[in-house]
Amino acid sequence: MLRYSLTFICHALFCPAQGNVRGCLFLQVEDLRYEGGTQKQQMNDRDYMQLAIALAKATAGQTSPNPSVGAVIVKNGELISTGVHLKAGMPHAEAAAIQAAGEQAKDAVMYVTLEPCSHYGKTPPCADAIINSGIKKVFVATLDPNPLVAGKGTERLRKAGIEVVTGLCEEEAVRLNEKFFHFIQHKTPFVTIKGAVSLDGKTAAKTGDSKWITSGEARQDVHNLRHEHDAILVGINTVLHDNPLLTTRRPQGGKNPVRIILDTECKIPLSARVVRDPSSKTIIFTGNRIDKQKAAQLTDLGVEVISLDSSRISVREVLRILGEKGLMSVLVEGGSEIHASFIAEEAFQQIILYVAPKIIGGREAVPFIGGAGPDLVSQGKKLRFTNVEKIGPDLKITAVRLVEQEGGL
């Protein structure tokens, strides 16, 4: 597969003149260069699908509860148009690309990262738009697990006489929408446990000091993670010790996740920043033995307080409730006892660990994961590394649960 450097001209990001495709992203490729030099190369099917995936990746974190989808239309070896779904309620990628292509869509080929929908939601079915456009062939990277679609979109296209090819760049397309896929299949949020540690696995010194273990570059990358998740979750000890805002702070702006606090006894101060700051919603989960008056005060301040039936907080129950609220993904940022709870209950899909090239040492220093731990090494949770990259002086390591790869919760 050839690899390219793409230069785009953005014709209209928010385009009120486009009528029913307002808010769509139209891109025209200005130049296409092979990495080995400036010689222009003929793109193949995989290259066009990679372009569609790249478009979809640019919307990570902003389409929930919908998936990120990109579409490309090609005719006679020429790129005609592109489209991307920007936000729930806005036109889908296929509709945007078809609108941009106009009459040129007839007898063209479409490359789309996810199976076109076949049902009416906030927008009309994309399968119908493709059929009506006259497109003759569609490459679909992966089928949609949503029961409302799940093979029905490709079936409708085939019945209309359109050639459909599925599975092109499927692995990357599935990874692109792993949060959406998990949520659709399990009705609970996709959980990412995030940590920042020294080389010996410590998140703070024995005094509790933790600023800063990792570099500014790594901390900025964490804000990208916050932007890409629907919610961020911490325990009450993190709130009491750090008084964090738990918002997204990126140079180019970003989406603030819903703040989730696990606070069994409702110890949170009314002055806490997550209580007083209006930039994002805060939900506090407690046990059943709390001061009702304080809970009412928190409610008056705009905080949602959810008291569980038990005196202890069940992580699984929390995730079930968050799923009912439509939150598709949760970023767990600790502390160590919270991490231990999620890991003990196997209530996570991936771990992202930022490792700094420094050693803190000390048996009383705070570890990334607390709790009692297993008696035997063989009882440890098995993971698979999926990515290791360097960010500034630090390493960013991503690992997933093996059972997740095998289809478990």
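## Loops, cores and a pocket

Trp212 lies in the loop between β9 (202-204) and α7 (216-228); helices (H or I, at least four residues) and strands (E, at least two) are DSSP runs numbered from the N terminus. We're looking at a predicted model, where local features need pLDDT of at least 70, side-chain atom pairs count only at pLDDT 80 or more, and totals for chains, interfaces and linings use all residues. Residues are numbered from 1 along each chain as its sequence is written, and side-chain values use heavy atoms, with hydrogens and water left out.

Back to Trp212: the peptide bond that reaches it from Lys211 is cis, with omega near -10°. Another cis bond links Ser64 to Pro65, and Pro65 is in a loop as well, between α1 (45-57) and β3.

| Site | Angle | Loop |
|---|---|---|
| Ser64-Pro65, cis | omega about 10° | Pro65: α1 to β3 |
| Lys211-Trp212, cis | omega near -10° | Trp212: β9 to α7 |

Leu246, at 3%, is buried, while Ala150, at 41%, is partly exposed.

**The chain overall**

The chain has 13 helices and 18 strands, and 49% of its 409 residues are buried. Contact means heavy atoms within 4.5 Å. Of the contacts with a separation of 6 or more, 68% are between residues 24 or more positions apart.

In soluble globular proteins, nonpolar side chains tend to be buried together. A nonpolar core is a set of buried Ala, Val, Leu, Ile, Met, Phe, Trp, Tyr and Cys residues joined through side-chain atoms within 4.5 Å. The largest one here has 30 residues, and Ile193, Leu233, Ile260, Leu262, Phe285 and Phe342 touch the most other members. At least two residues each come from β8 (190-197), β10 (231-235), β11 (258-262), β12 (282-286), α11 (315-324), β14 (329-332), α12 (336-344) and β15 (350-355). Which element gives the largest share of this core? That's α11, with five residues. A separate core of 26 residues includes Ala93, Ala105, Val112 and Val164.

Leaving out residues up to four places away in sequence, Phe342 touches Val191, Ile193, Leu233, Leu262, Val315, Leu319, Val332, Ala347 and Phe348.

Ile261 sits in strand β11 and is buried, at 0% relative accessibility. With the neighbours up to four places away left out, Ile261 touches Val234, Gly235, Ile236, Val239, Leu246, Val274, Thr282, Ile283, Ile284 and Phe285. Note that Leu246, from the table, is one of these. Ile261 and Ile283 are 22 residues apart along the chain, yet their C-alpha atoms are separated by 6.3 Å.

Two strands pair if DSSP finds at least two bridges between them. Strand β3 (residues 70-75) runs antiparallel to β5 and is joined to it by four bridges, with Val72 partnered by Tyr111. Strand β6 (residues 137-140) runs parallel to β5, again with four bridges; there, Val109 has Lys137 as its partner.

**The second largest pocket**

On a 1 Å grid over the protein atoms alone, a pocket is an open set of points where a 1.4 Å probe fits, with protein on both sides within 12 Å along at least five of seven lines; lining residues have an atom within 4 Å of a point. The second largest pocket has about 1,400 Å³ of space, the volume being what is filled by probe spheres set on the points, which are joined across faces, edges and corners. It has 47 lining residues, and Arg175, Leu176, Glu178, Lys179 and Gln350 are the closest to its centre. The helix α6 gives the most to this lining, seven residues. Elements that supply at least two include α5 (170-176), α7, β15 and β17 (383-391). By class, the lining has 12 nonpolar, 22 polar and 13 charged residues, where Ala, Val, Leu, Ile, Met, Phe, Trp, Tyr, Cys and Pro count as nonpolar, Asp, Glu, Lys and Arg as charged, and the others, Gly among them, as polar.

Notes. Buried means under 20% relative accessible area, exposed over 50%, partly exposed in between (1.4 Å probe, protein chains only).
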